[in-house]
Amino acid sequence: MVAKQTANTIFINGQVITMNEEHEEASTIVVKNGTIVAVGQHDLIDLWQEEDTKIVDLQRKTIMPSFIESHVHPVIYAKNIIQVDCSPRAVSTVSDILIKLKQEAASVKEGKWIRGYGWNDSQIEEGRAPTRKELDEVAPNNPVILKRTCNHVAVVNTKALELSDINEKTPNPQGGEFIKDSNGEMNGIVQEQALNLINPPPYSEEELTKGFNIAQEDFLKWGITTVHEMAGTTEEMSLYQKLHQEKNLKIRVRPWLLALDIAGMKGMLSSVLNVGLRSDFGDDYLTIQGVKFLLDGAGSGGTACVYEPNVSNGKRGIIYYDIEQYAPYVEQSIKAGLRTAVHAIGDEAIELALKGYERVGESVDITNMRNRIEHCGLPTEEQLKRMKKLELIAASSVGFIYHVGDNYLYHYGKERMKRLYPHKSFKDYGIIAPANSDLPVVSGNPFQGMYGAVTRKTHQGTILDDEQGISVFDALKAYTVDAAYSSFEEDKLGVIKKGAKADLIVISDNPLKVDVETLKDIYVEQTYVDGLLVWDKE
């Protein structure tokens with residue numbers, strides 16, 4: 001006679017989306033000590049229930065694995081929460097931004113830096129950011145820096161330039177630019193590597209903790225319980241370790257450490273190599289993934305590096321490094337046991353990323369490492385073949401389709417939309433392509449990202465192409481199973497099966513059964529981590 005086993009929690013009477021390819025039907029999930037121990041039908045109760053077992057009756061609601069965000073910037077998002085909100089949800093005109101800044105200047109001490117985030121010229125009525133002179137008028141005694149939604153471009157006022165020792169004669173750094181008006185004067189727009197020269201003071205630990213605690217609640221509200229931090233610096237790692245030590249990490253964090261200095265952030269590669277840190281060091285809540293390199297700019301901002309000039313301005317974007325400058329660092333990292341992720345959006349940048357990996361591959365087998373190309377926005381067919389040969393992961397920012405797809409259309413034209421974040425092509429070539437939002441570039445809501453991946457439609461109703469749409473199930477995979485694969489965790493995250501973590505979400509509708517036009521409107525009702533309720537809409 002088999003002894004009866006005891007469960008902590010049993011979820012019953014649900015529509016279970018297991019995310020297994022077999023699509024097996026289930027209504028019951030059994031959880032013990034944070035792990036799923038059985039999945040099946042109602043009769044599992046008789047095998048596992050004891051007096052102390054908690055029964056959660058889902059009342060035919062849909063339950064599925066929680067989401068994994070494979071490319072986000074949680075601490076940058078935390079900072080944005082405590083900055084002046086210049087995002088489309090808060091402003092629609094330049095005047096709106098100026099009013100908010102004037103109010104902020106009146107509430108802080110003279111000389112204190114004012115920071116804002118989220119402006120998007122494509123969603124501002126005037127189609128532009130405020131100018132340096134406009135910022136001077138509303139905040140003459142405070143340095144101001146307002147970062148665009150992409151985090152690759154900012155606008156600053158004169159005070160900020162002065163405190164950073166920048167003037168009209170300051171040369172553009174490699175991979176960056178101070179934009180000038182028709183009179184040859186700086187208009188306040190600062191792009192890419194030029195941001196390294198703007199020097200606002202660091203945030204306090206108290207400020208970061210306050211912002212991050214709010215950010216964690218947003219992740220849980222979106223059903224996201226694991227995040228890949230894609231620009232880990234000393235600041236980020238110090239905060240994560242402190243919160244983890246205090247048992248205040250409510251989400252699982254998978255840091256990719258920033259390798260080289262970029263866009264105002266300090267790289268960590270030399271320190272990481274010196275201490276011998278390797279991929280997968282850590283525990284269930286905080287696990288080092290590897291190191292990240294950046295090669296080009298932002299797609300929605302028109303600074304991604306492309307072969308053919310932008311239709312918007314005739315430029316071809318920005319490249320940070322040539323092959324000789326960056327490939328040796330990638331090789332060093334891989335040989336030291338670190339996976340690598342290379343930011344490359346434009347096709348020319350993707351080519352550079354591939355050449356770097358191919359060079360390393362001549363002396364080291366990298367095909368089993370799950371190295372990544374971040375964003376991978378405009379790959380060519382020939383590049384996809386080479387990606388597959390190297391078994392590279394396309395960490396696709398397909399979340400951009402819905403939110404900033406119109407920006408891409410404006411900069412790169414209709415023809416290139418046929419290969420923009422091409423999830424059908426990724427699948428055809430057998431390339432694993434976890435989806436992401438690059439939060440705070442766009443909203444972290446995965447259902448909006450899925451809507452764009454399936455329909456190829458923007459928030460303005462523009463259909464970018466009719467070639468690269470994928471099924472709802474494949475879109476769900478991109479935020480669950482495929483994302484877990486990228487960190488070698490496909491057996492324990494992003495799936496409902498025996499042995500997996502009980503990271504689960506209860507959602508308002510079954511995405512596999514609703515009209516695709518309502519996919520973006522699905523919301524999370526409850527979020528569980530290790531089988532414990534951590535967020536409830538009620």
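**Close-up views of a predicted model**

**View 1. Strand 9 and strand 10 form a parallel pair.** In this predicted model, five bridges join strand 9 (residues 114-119) to strand 10 in the parallel sense. Gly 116 has Leu 146 of strand 10 as its bridge partner. Strand 10 spans residues 144-148, and because four of its five residues are buried, the strand is largely enclosed by the rest of the structure.

**View 2. Strand 10 also pairs with strand 11 in the antiparallel sense.** Three bridges link strand 10 to strand 11 (residues 153-156). Lys 147 has Ala 154, in strand 11, as its bridge partner. Four residues lie between the strands of this hairpin, where Asn 151 takes a positive phi near 70°.

**View 3. Asn 13 has a positive phi near 60°.** Asn 13 sits in the loop that connects strand 1 (9-12) with strand 2 (15-16). Its relative accessibility is 30%, so Asn 13 counts as partly exposed. Most residues other than glycine have a negative phi.

**View 4. Phe 488 is a non-glycine residue with a positive phi of about 60°.** The loop between helix 16 (481-485) and strand 20 (504-507) holds Phe 488. With a relative accessibility of 37%, Phe 488 counts as partly exposed.

**View 5. A cis peptide bond runs from Leu 439 to Pro 440.** The omega of this bond is near 15°. Pro 440 belongs to the loop between helix 13 (423-428) and helix 14 (446-455). Most peptide bonds are trans.

Methods
Residues numbered from 1 in each chain as written. Predicted model: local features only at pLDDT ≥ 70, side-chain atom pairs only at ≥ 80, totals over all residues. Heavy atoms only, no water. Buried < 20%, exposed > 50% of the residue type's maximum accessible area, 1.4 Å probe, protein only. Helix = DSSP H or I, 4+ residues; strand = E, 2+ residues; numbered from the N terminus. Pairing = 2+ DSSP bridges.
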